Amino acid sequence: MPKRHFLRGLRDGFPIGLGYFAVSFGLGISCRAANLTAFQGFLLSFLNNASAGEYGGITIIASDSGFLIMAAMMLVVNARYMLMSCALSQRLSNAQGFIHRLAMAFAVTDELFGIAISRPGVLNPYYYYGGMAVAIPGWSIGTACGIIAGAALPERIVSALSVALFGMFLAIIIPPARESRIILTVVITSFIASFAATYMEPLAQLTDGTRTIILTVVIAAAAAWFRPVQSQQKED
């Protein structure tokens, strides 16, 4: 029984692993710019399966902002995974112990959450392990390959490849922004505020990581206050 669920998760997770490899290649270029080695980049991606959170961490490493800023950044950017973990936990059988829940929590990503939550009935943890078995290597190996390529390729090509990660973020935010005016407003506000904060005192004196944390908390709190989820659901 566990083997059958694991193989099914392996099959469903294979496209995710391929996508992670392609996306994390661009992440590796950013790691190279932060002077991380291929092993360090591999380890970073292996232990932190979150694109936005990892990129935020790399930005802080590059700016040498310190561990406290990095911890705050990880907490803010990756907060949504706590909600995903709660949702996955509710899909598990009550007989599943702490070890399975802890192991699954190691790699809660948007894509793995998507295939797991769409499974009918009670979720078998071995199905999730199958998805993790291809998703995590694809993400971490792709990052290492991006760092190696960044060291071997000419500077102009590396600069061109470095925009791949920004393309990924655009691909993430554009579809929901087209469907919701609220999300579109938040995205535009974030762009404008981020640009203004680089010139506005005293925010301009802060590090990039600190400014990102402040803007994330303020904009997200304002959006939640003025347009809570309940109001959005009623409108839809």
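Good morning. The structure is a predicted model, in which local features need pLDDT of at least 70, side-chain atom pairs count only at pLDDT 80 or more, and totals for chains, interfaces and linings use all residues. Residues are numbered from 1 along each chain as its sequence is written, and side-chain values use heavy atoms, with hydrogens and water left out.

I begin with the fold. The protein has 13 helices and zero strands; helices (H or I, at least four residues) and strands (E, at least two) are DSSP runs, numbered from the N terminus. Of the contacts with a separation of 6 or more, 75% are between residues 24 or more positions apart, contact meaning heavy atoms within 4.5 Å.

Next, the interior. Buried residues make up 35% of the 236 residues, where buried means under 20% relative accessible area, exposed over 50%, and partly exposed in between (1.4 Å probe, protein chains only). A nonpolar core is a set of buried Ala, Val, Leu, Ile, Met, Phe, Trp, Tyr and Cys residues joined through side-chain atoms within 4.5 Å. The largest such core has 28 residues, and Leu88, Leu112, Leu123, Tyr128 and Met132 touch the most other members. Helices H1 (2-33), H5 (80-91), H7 (110-117) and H8 (125-152) each supply at least two residues of this core, and H8 gives the most, with eight residues. A second, separate core of five residues includes Ile60, Met73, Val77 and Ile213. Returning to Leu123, its contacts beyond four places in sequence are Leu88, Arg91, Leu92, Met104 and Ala116.

The protein exposes about 13800 Å², of which carbon and sulfur atoms supply 70%; accessible areas come from the Shrake-Rupley method with a 1.4 Å probe, and for residues only the protein chains shown count as cover. Phe39, Leu43, Phe46, Leu47 and Phe106 make a nonpolar surface patch of about 480 Å². Patches are made of residues with over 30% relative accessible area and no salt bridge, with like charges joined within 9 Å and nonpolar side chains (Val, Leu, Ile, Met, Phe, Trp, Tyr) within 5 Å. Leu43 lies in helix H2 (residues 38-47) and counts as partly exposed because its relative accessibility is 36%.

Finally, how many salt bridges does a search of the whole structure find? The search finds one, a salt bridge being a side-chain nitrogen of Lys or Arg within 4 Å of a carboxyl oxygen of Asp or Glu. Arg11 pairs with Asp12, and their closest N and O atoms are 3.0 Å apart. Arg11 counts as exposed, at 54% relative accessibility, whereas Asp12 counts as partly exposed, at 22%.
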